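Trainee: Hi! Could you walk me through this one?
Mentor: Happy to. Let's bring it up.

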Amino acid sequence: MKPVLLWSDALIFMLVIALVIFFYKLREDPQTRERWSQVFSSRLGMIAFTIIITYVGVALLDSLHFRRALENPEALQTQEVFYDNKVTSALDVMLQGMGDRFERTYSAPFALKSFEKQNMKDEQGNSIRDFPLLKHAGTHLSDPSERAGDLLAKTLVALLWGVLISAIVIAPQWFLLRNSPNPWHASWGVQLVVICFFTWLVSISHHYHVLGTDKGGADVAYQSLKGIRTGVLLGTLATLVMLPIAVTLGVMAGYFKGWVDDLVQYLYTTLSSIPGILLIAASVLLFQVYIDLNPDFFSIGMEKADAKFIALCFILGVTSWSTLCRLIRAETLKISQLGYVQAAHAFGVSHFRILSRHILPNVVHIILITFVLDFSALVLAEAVLSYIGVGIDPSMGSWGNMINGARSELSREPAVWWTLTGAFFFMFILVLAANLFSDLVRDAFDPRTANRRADS
(Lines give C-alpha, C1' and ligand atoms only; values in the text may rest on other atoms or scores of the structure.)
Protein backbone atom coordinates (compact mmCIF):
# COMPACT_ATOMS: atom_id res chain seq x y z
CA MET A 1 0.00 0.00 0.00
CA LYS A 2 1.00 3.63 -0.51
CA PRO A 3 0.38 6.15 2.32
CA VAL A 4 -1.57 9.27 1.36
CA LEU A 5 -1.30 12.43 3.46
CA LEU A 6 -3.96 15.04 2.77
CA TRP A 7 -3.79 18.58 4.09
CA SER A 8 -6.74 17.92 6.37
CA ASP A 9 -4.98 14.80 7.72
CA ALA A 10 -1.92 16.82 8.65
CA LEU A 11 -4.09 19.45 10.33
CA ILE A 12 -5.99 16.98 12.48
CA PHE A 13 -2.73 15.31 13.57
CA MET A 14 -1.32 18.72 14.51
CA LEU A 15 -4.53 19.44 16.41
CA VAL A 16 -4.28 16.26 18.46
CA ILE A 17 -0.61 16.94 19.25
CA ALA A 18 -1.54 20.48 20.33
CA LEU A 19 -4.27 19.13 22.62
CA VAL A 20 -1.87 16.67 24.22
CA ILE A 21 0.68 19.43 24.82
CA PHE A 22 -2.08 21.68 26.18
CA PHE A 23 -3.26 19.17 28.76
CA TYR A 24 0.35 18.35 29.68
CA LYS A 25 1.13 22.04 30.28
CA LEU A 26 -2.11 22.30 32.21
CA ARG A 27 -0.55 20.54 35.15
CA GLU A 28 1.87 23.44 35.66
CA ASP A 29 -0.94 25.93 36.41
CA PRO A 30 -2.74 25.04 39.68
CA GLN A 31 -5.58 27.51 39.12
CA THR A 32 -6.38 26.30 35.60
CA ARG A 33 -6.01 22.68 36.72
CA GLU A 34 -8.51 23.29 39.49
CA ARG A 35 -11.03 24.79 37.06
CA TRP A 36 -10.72 21.85 34.67
CA SER A 37 -11.12 19.47 37.60
CA GLN A 38 -14.51 21.12 38.24
CA VAL A 39 -15.52 20.24 34.68
CA PHE A 40 -14.54 16.59 35.08
CA SER A 41 -15.80 16.22 38.64
CA SER A 42 -19.37 15.75 37.39
CA ARG A 43 -20.74 12.67 35.67
CA LEU A 44 -22.21 14.83 32.92
CA GLY A 45 -18.79 16.29 32.17
CA MET A 46 -17.17 12.85 31.94
CA ILE A 47 -19.96 11.53 29.69
CA ALA A 48 -19.85 14.52 27.33
CA PHE A 49 -16.04 14.47 27.16
CA THR A 50 -15.96 10.73 26.44
CA ILE A 51 -18.43 11.16 23.58
CA ILE A 52 -16.38 14.01 22.10
CA ILE A 53 -13.17 11.96 22.37
CA THR A 54 -14.94 9.07 20.64
CA TYR A 55 -15.84 11.30 17.71
CA VAL A 56 -12.27 12.63 17.57
CA GLY A 57 -10.93 9.05 17.62
CA VAL A 58 -13.16 8.07 14.70
CA ALA A 59 -12.00 11.18 12.83
CA LEU A 60 -8.37 10.19 13.43
CA LEU A 61 -8.94 6.66 12.15
CA ASP A 62 -10.63 8.10 9.07
CA SER A 63 -7.61 10.38 8.51
CA LEU A 64 -5.07 7.54 8.13
CA HIS A 65 -5.29 7.25 4.34
CA PHE A 66 -3.55 4.95 1.91
CA ARG A 67 -3.94 3.51 -1.60
CA ARG A 68 -3.95 -0.23 -2.14
CA ALA A 69 -1.56 -1.85 -4.60
CA LEU A 70 -3.32 -3.33 -7.63
CA GLU A 71 -2.83 -6.96 -8.53
CA ASN A 72 -0.95 -6.93 -11.81
CA PRO A 73 0.89 -10.10 -12.92
CA GLU A 74 2.91 -8.13 -15.48
CA ALA A 75 4.29 -5.92 -12.69
CA LEU A 76 6.24 -8.91 -11.36
CA GLN A 77 8.49 -8.73 -14.41
CA THR A 78 8.89 -4.94 -14.53
CA GLN A 79 8.98 -4.42 -10.73
CA GLU A 80 6.54 -1.55 -11.20
CA VAL A 81 3.66 -1.27 -8.75
CA PHE A 82 0.37 0.35 -9.67
CA TYR A 83 -1.96 1.73 -7.01
CA ASP A 84 -5.70 2.06 -6.89
CA ASN A 85 -7.10 5.57 -7.42
CA LYS A 86 -9.50 4.97 -4.53
CA VAL A 87 -8.19 6.30 -1.19
CA THR A 88 -8.88 3.99 1.75
CA SER A 89 -8.68 4.85 5.46
CA ALA A 90 -8.03 2.83 8.61
CA LEU A 91 -11.71 3.29 9.48
CA ASP A 92 -12.68 1.58 6.21
CA VAL A 93 -10.51 -1.38 7.20
CA MET A 94 -12.13 -1.57 10.65
CA LEU A 95 -15.60 -1.42 9.08
CA GLN A 96 -14.60 -4.48 7.03
CA GLY A 97 -15.85 -3.37 3.64
CA MET A 98 -19.13 -1.80 4.72
CA GLY A 99 -18.68 0.90 2.09
CA ASP A 100 -18.11 -1.62 -0.72
CA ARG A 101 -21.50 -3.38 -0.45
CA PHE A 102 -23.56 -1.52 -3.02
CA GLU A 103 -27.12 -2.28 -4.02
CA ARG A 104 -29.00 -1.14 -7.10
CA THR A 105 -30.91 1.68 -5.36
CA TYR A 106 -32.86 2.39 -2.16
CA SER A 107 -33.47 -0.30 0.41
CA ALA A 108 -35.05 0.09 3.86
CA PRO A 109 -33.19 -0.71 7.12
CA PHE A 110 -32.74 -4.48 7.60
CA ALA A 111 -34.69 -5.09 4.36
CA LEU A 112 -34.18 -8.17 2.20
CA LYS A 113 -35.63 -6.65 -0.97
CA SER A 114 -35.13 -3.42 -2.86
CA PHE A 115 -37.35 -0.44 -2.08
CA GLU A 116 -38.28 0.03 -5.74
CA LYS A 117 -39.76 -2.37 -8.26
CA GLN A 118 -37.96 -3.28 -11.45
CA ASN A 119 -38.61 -5.44 -14.51
CA MET A 120 -37.76 -9.08 -13.81
CA LYS A 121 -38.23 -12.56 -15.26
CA ASP A 122 -40.11 -15.25 -13.33
CA GLU A 123 -39.28 -18.96 -13.38
CA GLN A 124 -41.34 -19.44 -16.53
CA GLY A 125 -39.52 -16.58 -18.30
CA ASN A 126 -42.44 -14.17 -18.17
CA SER A 127 -41.76 -10.47 -17.64
CA ILE A 128 -42.97 -9.22 -14.25
CA ARG A 129 -42.44 -6.12 -12.16
CA ASP A 130 -41.49 -6.86 -8.57
CA PHE A 131 -39.10 -6.00 -5.73
CA PRO A 132 -35.76 -7.75 -6.42
CA LEU A 133 -33.71 -9.38 -3.68
CA LEU A 134 -30.72 -7.42 -2.39
CA LYS A 135 -27.21 -8.60 -3.24
CA HIS A 136 -25.67 -7.99 0.19
CA ALA A 137 -28.54 -8.46 2.65
CA GLY A 138 -30.01 -11.71 3.89
CA THR A 139 -28.30 -13.85 1.27
CA HIS A 140 -27.42 -16.40 3.98
CA LEU A 141 -31.10 -16.99 4.82
CA SER A 142 -32.96 -19.89 3.27
CA ASP A 143 -36.35 -18.39 4.21
CA PRO A 144 -37.15 -14.67 4.69
CA SER A 145 -39.20 -15.54 7.78
CA GLU A 146 -35.95 -16.43 9.56
CA ARG A 147 -34.80 -12.79 9.58
CA ALA A 148 -36.09 -11.87 13.08
CA GLY A 149 -34.52 -14.89 14.75
CA ASP A 150 -31.29 -14.43 12.81
CA LEU A 151 -31.06 -10.78 13.81
CA LEU A 152 -31.65 -11.65 17.47
CA ALA A 153 -29.01 -14.38 17.47
CA LYS A 154 -26.39 -12.26 15.72
CA THR A 155 -27.16 -9.31 18.02
CA LEU A 156 -26.57 -11.42 21.14
CA VAL A 157 -23.28 -12.74 19.78
CA ALA A 158 -22.13 -9.23 18.78
CA LEU A 159 -23.03 -7.81 22.18
CA LEU A 160 -21.10 -10.58 23.94
CA TRP A 161 -18.06 -9.73 21.83
CA GLY A 162 -18.62 -6.04 22.60
CA VAL A 163 -18.68 -6.72 26.35
CA LEU A 164 -15.48 -8.75 26.06
CA ILE A 165 -13.67 -6.01 24.11
CA SER A 166 -14.97 -3.40 26.58
CA ALA A 167 -13.57 -5.39 29.49
CA ILE A 168 -10.15 -5.48 27.81
CA VAL A 169 -10.26 -1.71 27.18
CA ILE A 170 -11.69 -0.64 30.55
CA ALA A 171 -9.74 -2.98 32.84
CA PRO A 172 -6.39 -1.08 32.58
CA GLN A 173 -8.21 2.22 33.14
CA TRP A 174 -9.91 0.85 36.26
CA PHE A 175 -6.58 -0.39 37.60
CA LEU A 176 -4.93 3.02 37.14
CA LEU A 177 -7.86 5.31 38.04
CA ARG A 178 -9.88 3.40 40.60
CA ASN A 179 -8.79 5.77 43.39
CA SER A 180 -9.38 8.95 41.37
CA PRO A 181 -11.94 11.41 42.80
CA ASN A 182 -13.41 11.96 39.32
CA PRO A 183 -16.46 9.85 38.36
CA TRP A 184 -14.66 7.64 35.85
CA HIS A 185 -17.42 5.05 36.11
CA ALA A 186 -19.60 7.36 33.99
CA SER A 187 -16.93 7.41 31.27
CA TRP A 188 -16.55 3.64 31.45
CA GLY A 189 -20.31 3.25 31.00
CA VAL A 190 -20.19 5.35 27.84
CA GLN A 191 -17.18 3.39 26.55
CA LEU A 192 -19.09 0.14 27.13
CA VAL A 193 -22.09 1.42 25.14
CA VAL A 194 -19.93 2.80 22.30
CA ILE A 195 -17.82 -0.36 21.91
CA CYS A 196 -20.88 -2.63 22.02
CA PHE A 197 -22.65 -0.43 19.46
CA PHE A 198 -19.76 -0.39 16.98
CA THR A 199 -19.16 -4.12 17.42
CA TRP A 200 -22.82 -4.79 16.76
CA LEU A 201 -22.89 -2.41 13.77
CA VAL A 202 -19.86 -3.98 12.07
CA SER A 203 -21.09 -7.50 12.76
CA ILE A 204 -24.67 -6.98 11.56
CA SER A 205 -23.58 -4.99 8.48
CA HIS A 206 -21.99 -8.15 7.08
CA HIS A 207 -25.49 -9.56 6.61
CA TYR A 208 -27.88 -6.56 6.54
CA HIS A 209 -27.94 -2.83 5.79
CA VAL A 210 -28.60 -1.46 9.28
CA LEU A 211 -29.77 1.97 8.06
CA GLY A 212 -30.68 0.89 4.54
CA THR A 213 -29.15 2.28 1.36
CA ASP A 214 -29.48 5.55 -0.55
CA LYS A 215 -30.41 6.24 -4.16
CA GLY A 216 -27.03 5.06 -5.42
CA GLY A 217 -27.21 1.89 -3.33
CA ALA A 218 -24.53 2.99 -0.81
CA ASP A 219 -24.87 1.95 2.83
CA VAL A 220 -26.35 4.83 4.87
CA ALA A 221 -24.73 3.72 8.14
CA TYR A 222 -21.33 3.83 6.44
CA GLN A 223 -22.01 7.33 5.08
CA SER A 224 -23.07 8.51 8.54
CA LEU A 225 -19.81 7.26 10.06
CA LYS A 226 -17.76 8.89 7.29
CA GLY A 227 -19.47 12.19 8.07
CA ILE A 228 -17.91 12.20 11.55
CA ARG A 229 -14.48 13.22 10.25
CA THR A 230 -15.95 16.08 8.23
CA GLY A 231 -18.04 17.37 11.14
CA VAL A 232 -15.21 17.22 13.69
CA LEU A 233 -12.62 18.77 11.36
CA LEU A 234 -14.87 21.52 10.07
CA GLY A 235 -16.01 22.63 13.51
CA THR A 236 -12.48 22.53 14.93
CA LEU A 237 -10.41 23.96 12.07
CA ALA A 238 -12.83 26.79 11.33
CA THR A 239 -12.82 27.75 15.02
CA LEU A 240 -9.02 27.64 15.16
CA VAL A 241 -8.83 29.92 12.11
CA MET A 242 -11.26 32.35 13.72
CA LEU A 243 -9.63 32.50 17.19
CA PRO A 244 -6.29 34.20 16.33
CA ILE A 245 -8.05 36.90 14.30
CA ALA A 246 -10.67 37.61 16.94
CA VAL A 247 -8.27 37.52 19.90
CA THR A 248 -5.61 39.70 18.26
CA LEU A 249 -7.98 42.38 17.00
CA GLY A 250 -10.16 42.33 20.12
CA VAL A 251 -7.24 42.72 22.53
CA MET A 252 -5.62 45.46 20.40
CA ALA A 253 -8.88 47.41 20.15
CA GLY A 254 -9.60 47.23 23.88
CA TYR A 255 -6.05 47.92 25.02
CA PHE A 256 -4.72 50.57 22.65
CA LYS A 257 -8.08 52.31 22.02
CA GLY A 258 -7.96 55.42 19.78
CA TRP A 259 -7.58 54.89 16.05
CA VAL A 260 -6.83 51.18 16.53
CA ASP A 261 -10.19 50.70 18.23
CA ASP A 262 -11.93 52.70 15.50
CA LEU A 263 -10.31 50.62 12.75
CA VAL A 264 -11.20 47.28 14.36
CA GLN A 265 -14.78 48.41 14.99
CA TYR A 266 -15.05 49.48 11.35
CA LEU A 267 -13.79 46.06 10.20
CA TYR A 268 -16.18 43.91 12.23
CA THR A 269 -19.11 46.28 11.68
CA THR A 270 -18.57 46.09 7.91
CA LEU A 271 -18.21 42.30 8.05
CA SER A 272 -21.36 41.93 10.16
CA SER A 273 -23.36 44.03 7.69
CA ILE A 274 -22.72 41.53 4.87
CA PRO A 275 -25.09 38.52 4.82
CA GLY A 276 -22.91 35.65 6.01
CA ILE A 277 -24.38 32.95 3.77
CA LEU A 278 -23.91 35.09 0.63
CA LEU A 279 -20.32 35.93 1.54
CA ILE A 280 -19.45 32.29 2.22
CA ALA A 281 -21.24 31.08 -0.91
CA ALA A 282 -19.42 33.61 -3.11
CA SER A 283 -16.04 32.68 -1.63
CA VAL A 284 -16.64 28.95 -2.05
CA LEU A 285 -17.75 29.38 -5.66
CA LEU A 286 -14.66 31.46 -6.44
CA PHE A 287 -12.42 28.74 -5.05
CA GLN A 288 -14.36 26.13 -7.02
CA VAL A 289 -13.60 28.08 -10.20
CA TYR A 290 -9.90 28.06 -9.26
CA ILE A 291 -9.99 24.26 -8.81
CA ASP A 292 -11.73 23.76 -12.15
CA LEU A 293 -9.16 25.92 -13.95
CA ASN A 294 -6.16 24.14 -12.38
CA PRO A 295 -6.88 20.39 -12.47
CA ASP A 296 -3.17 19.53 -12.77
CA PHE A 297 -2.59 20.55 -9.14
CA PHE A 298 -4.48 17.48 -7.90
CA SER A 299 -3.31 13.95 -8.74
CA ILE A 300 -6.43 12.20 -7.40
CA GLY A 301 -10.04 13.27 -6.90
CA MET A 302 -9.73 13.02 -3.12
CA GLU A 303 -7.13 15.80 -3.11
CA LYS A 304 -9.51 18.09 -5.00
CA ALA A 305 -12.31 17.45 -2.49
CA ASP A 306 -9.87 17.96 0.39
CA ALA A 307 -8.69 21.31 -1.01
CA LYS A 308 -12.29 22.52 -1.25
CA PHE A 309 -12.87 21.34 2.32
CA ILE A 310 -9.84 23.22 3.68
CA ALA A 311 -10.95 26.33 1.81
CA LEU A 312 -14.42 26.08 3.36
CA CYS A 313 -12.90 25.80 6.85
CA PHE A 314 -10.77 28.87 6.21
CA ILE A 315 -13.69 30.86 4.78
CA LEU A 316 -15.96 29.99 7.72
CA GLY A 317 -13.24 31.01 10.16
CA VAL A 318 -12.45 34.31 8.43
CA THR A 319 -16.13 35.31 8.24
CA SER A 320 -17.17 34.40 11.81
CA TRP A 321 -14.73 36.23 14.11
CA SER A 322 -16.71 39.43 14.69
CA THR A 323 -18.81 38.23 17.66
CA LEU A 324 -15.83 36.95 19.66
CA CYS A 325 -13.87 40.10 18.78
CA ARG A 326 -16.61 42.25 20.31
CA LEU A 327 -16.62 40.19 23.52
CA ILE A 328 -12.83 40.29 23.92
CA ARG A 329 -12.71 44.02 23.14
CA ALA A 330 -15.28 44.76 25.84
CA GLU A 331 -13.51 42.56 28.40
CA THR A 332 -10.12 44.09 27.56
CA LEU A 333 -11.52 47.61 27.98
CA LYS A 334 -12.66 46.67 31.48
CA ILE A 335 -9.45 44.90 32.49
CA SER A 336 -7.20 47.69 31.19
CA GLN A 337 -8.78 50.09 33.71
CA LEU A 338 -8.14 47.89 36.75
CA GLY A 339 -5.64 48.95 39.38
CA TYR A 340 -2.94 46.36 38.78
CA VAL A 341 -2.82 47.19 35.06
CA GLN A 342 -2.57 50.91 35.80
CA ALA A 343 0.19 50.18 38.31
CA ALA A 344 2.09 48.20 35.67
CA HIS A 345 1.88 51.22 33.34
CA ALA A 346 3.17 53.48 36.12
CA PHE A 347 6.20 51.22 36.69
CA GLY A 348 7.05 51.32 32.98
CA VAL A 349 6.19 47.71 32.17
CA SER A 350 6.16 47.10 28.41
CA HIS A 351 2.90 46.70 26.49
CA PHE A 352 3.83 43.17 25.43
CA ARG A 353 4.39 42.06 29.01
CA ILE A 354 1.12 43.63 30.20
CA LEU A 355 -0.79 41.95 27.39
CA SER A 356 0.80 38.54 28.00
CA ARG A 357 0.69 38.59 31.81
CA HIS A 358 -2.43 40.57 32.69
CA ILE A 359 -4.79 40.84 29.71
CA LEU A 360 -4.70 37.51 27.87
CA PRO A 361 -4.93 35.26 30.97
CA ASN A 362 -8.08 37.12 32.02
CA VAL A 363 -9.88 36.60 28.69
CA VAL A 364 -9.05 32.90 28.41
CA HIS A 365 -12.45 31.94 29.82
CA ILE A 366 -14.19 33.81 26.98
CA ILE A 367 -11.98 32.10 24.39
CA LEU A 368 -12.65 28.63 25.81
CA ILE A 369 -16.39 29.16 26.10
CA THR A 370 -16.60 30.56 22.57
CA PHE A 371 -14.50 27.71 21.18
CA VAL A 372 -16.83 24.97 22.40
CA LEU A 373 -19.97 26.94 21.51
CA ASP A 374 -18.81 27.86 18.00
CA PHE A 375 -17.73 24.27 17.37
CA SER A 376 -21.30 22.99 17.47
CA ALA A 377 -22.58 26.04 15.56
CA LEU A 378 -20.11 25.42 12.72
CA VAL A 379 -21.03 21.73 12.53
CA LEU A 380 -24.63 22.82 11.96
CA ALA A 381 -23.49 25.53 9.51
CA GLU A 382 -21.91 22.88 7.27
CA ALA A 383 -25.27 21.14 7.02
CA VAL A 384 -26.94 24.41 6.00
CA LEU A 385 -24.27 25.19 3.38
CA SER A 386 -24.48 21.71 1.87
CA TYR A 387 -28.25 22.07 1.82
CA ILE A 388 -27.98 25.11 -0.48
CA GLY A 389 -25.26 23.44 -2.59
CA VAL A 390 -22.08 25.31 -1.55
CA GLY A 391 -20.76 22.97 1.14
CA ILE A 392 -18.53 19.91 1.12
CA ASP A 393 -17.69 18.19 -2.16
CA PRO A 394 -20.28 15.44 -2.91
CA SER A 395 -17.51 12.82 -3.08
CA MET A 396 -16.63 13.50 0.59
CA GLY A 397 -18.66 11.98 3.41
CA SER A 398 -20.78 14.70 5.01
CA TRP A 399 -23.94 14.91 7.08
CA GLY A 400 -24.84 18.06 5.16
CA ASN A 401 -24.71 16.22 1.84
CA MET A 402 -26.90 13.48 3.30
CA ILE A 403 -29.47 16.03 4.49
CA ASN A 404 -29.31 17.77 1.12
CA GLY A 405 -30.04 14.49 -0.63
CA ALA A 406 -32.95 13.77 1.72
CA ARG A 407 -34.93 16.79 0.43
CA SER A 408 -36.47 14.90 -2.45
CA GLU A 409 -36.54 11.58 -0.59
CA LEU A 410 -38.96 12.84 2.07
CA SER A 411 -41.44 13.94 -0.60
CA ARG A 412 -41.69 10.42 -2.02
CA GLU A 413 -44.60 8.11 -1.29
CA PRO A 414 -43.67 6.17 0.75
CA ALA A 415 -40.99 8.47 2.15
CA VAL A 416 -37.32 7.48 2.30
CA TRP A 417 -36.64 8.58 5.88
CA TRP A 418 -33.52 6.63 6.87
CA THR A 419 -30.92 8.87 5.14
CA LEU A 420 -32.04 11.91 7.14
CA THR A 421 -32.31 9.78 10.30
CA GLY A 422 -28.71 8.54 10.04
CA ALA A 423 -27.26 12.03 9.57
CA PHE A 424 -29.50 13.51 12.27
CA PHE A 425 -28.61 10.85 14.86
CA PHE A 426 -24.83 11.21 14.63
CA MET A 427 -24.96 15.01 14.31
CA PHE A 428 -27.37 15.30 17.24
CA ILE A 429 -25.13 13.25 19.57
CA LEU A 430 -22.02 15.33 18.71
CA VAL A 431 -23.73 18.72 18.99
CA LEU A 432 -25.51 17.77 22.23
CA ALA A 433 -22.27 16.56 23.84
CA ALA A 434 -20.42 19.71 22.72
CA ASN A 435 -23.15 22.00 24.09
CA LEU A 436 -23.33 20.19 27.44
CA PHE A 437 -19.55 20.29 27.75
CA SER A 438 -19.52 24.00 26.87
CA ASP A 439 -21.99 24.73 29.66
CA LEU A 440 -19.70 23.03 32.19
CA VAL A 441 -16.65 24.88 30.84
CA ARG A 442 -18.53 28.19 31.14
CA ASP A 443 -19.53 27.44 34.74
CA ALA A 444 -15.94 26.57 35.65
CA PHE A 445 -14.09 29.39 33.85
CA ASP A 446 -16.53 32.31 33.93
CA PRO A 447 -15.52 34.53 36.92
CA ARG A 448 -19.10 35.73 37.37
CA THR A 449 -20.30 32.16 37.84
CA ALA A 450 -17.52 31.52 40.34
CA ASN A 451 -18.44 34.66 42.27
CA ARG A 452 -22.11 33.66 42.44
CA ARG A 453 -21.10 30.22 43.65
CA ALA A 454 -18.87 31.75 46.34
CA ASP A 455 -21.60 34.14 47.51
CA SER A 456 -24.10 31.31 47.85
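Mentor: Helix α15 passes helix α16 in a right-handed crossing (the near helix is turned clockwise from the far one by less than a right angle; helices are DSSP runs of H or I with at least four residues, numbered from the N terminus). This is a predicted model, where local features need pLDDT of at least 70, side-chain atom pairs count only at pLDDT 80 or more, and totals for chains, interfaces and linings use all residues. Residues are numbered from 1 along each chain as its sequence is written, and side-chain values use heavy atoms, leaving out hydrogens and water.

Trainee: At what angle do α15 and α16 pack?
Mentor: At about 40°, with the axes 7 Å apart. Those axes are lines fitted to C-alpha atoms over the stretch in contact, and angles run from 0 to 180 degrees between N-to-C directions.

Trainee: Which residues of α15 meet α16?
Mentor: Val 379, Glu 382, Ala 383, Ser 386 and Tyr 387 do. Trp 399 and Arg 407 are among their partners in α16. Contact means heavy atoms within 4.5 Å.

Trainee: Switching topic, where is Asp 62?
Mentor: Asp 62 lies in the loop between α3 (43-61) and β2 (65-69); a strand is a DSSP run of E with at least two residues.

Trainee: Is Asp 62 buried or exposed?
Mentor: Asp 62 counts as buried because its relative accessibility is 3%. Buried means under 20% relative accessible area, exposed over 50%, and partly exposed in between, with a 1.4 Å probe and protein chains only.

Trainee: What does Asp 62 touch?
Mentor: Leaving aside residues up to four places away in sequence, Asp 62 touches Ser 89, Leu 91, Lys 226 and Arg 229.
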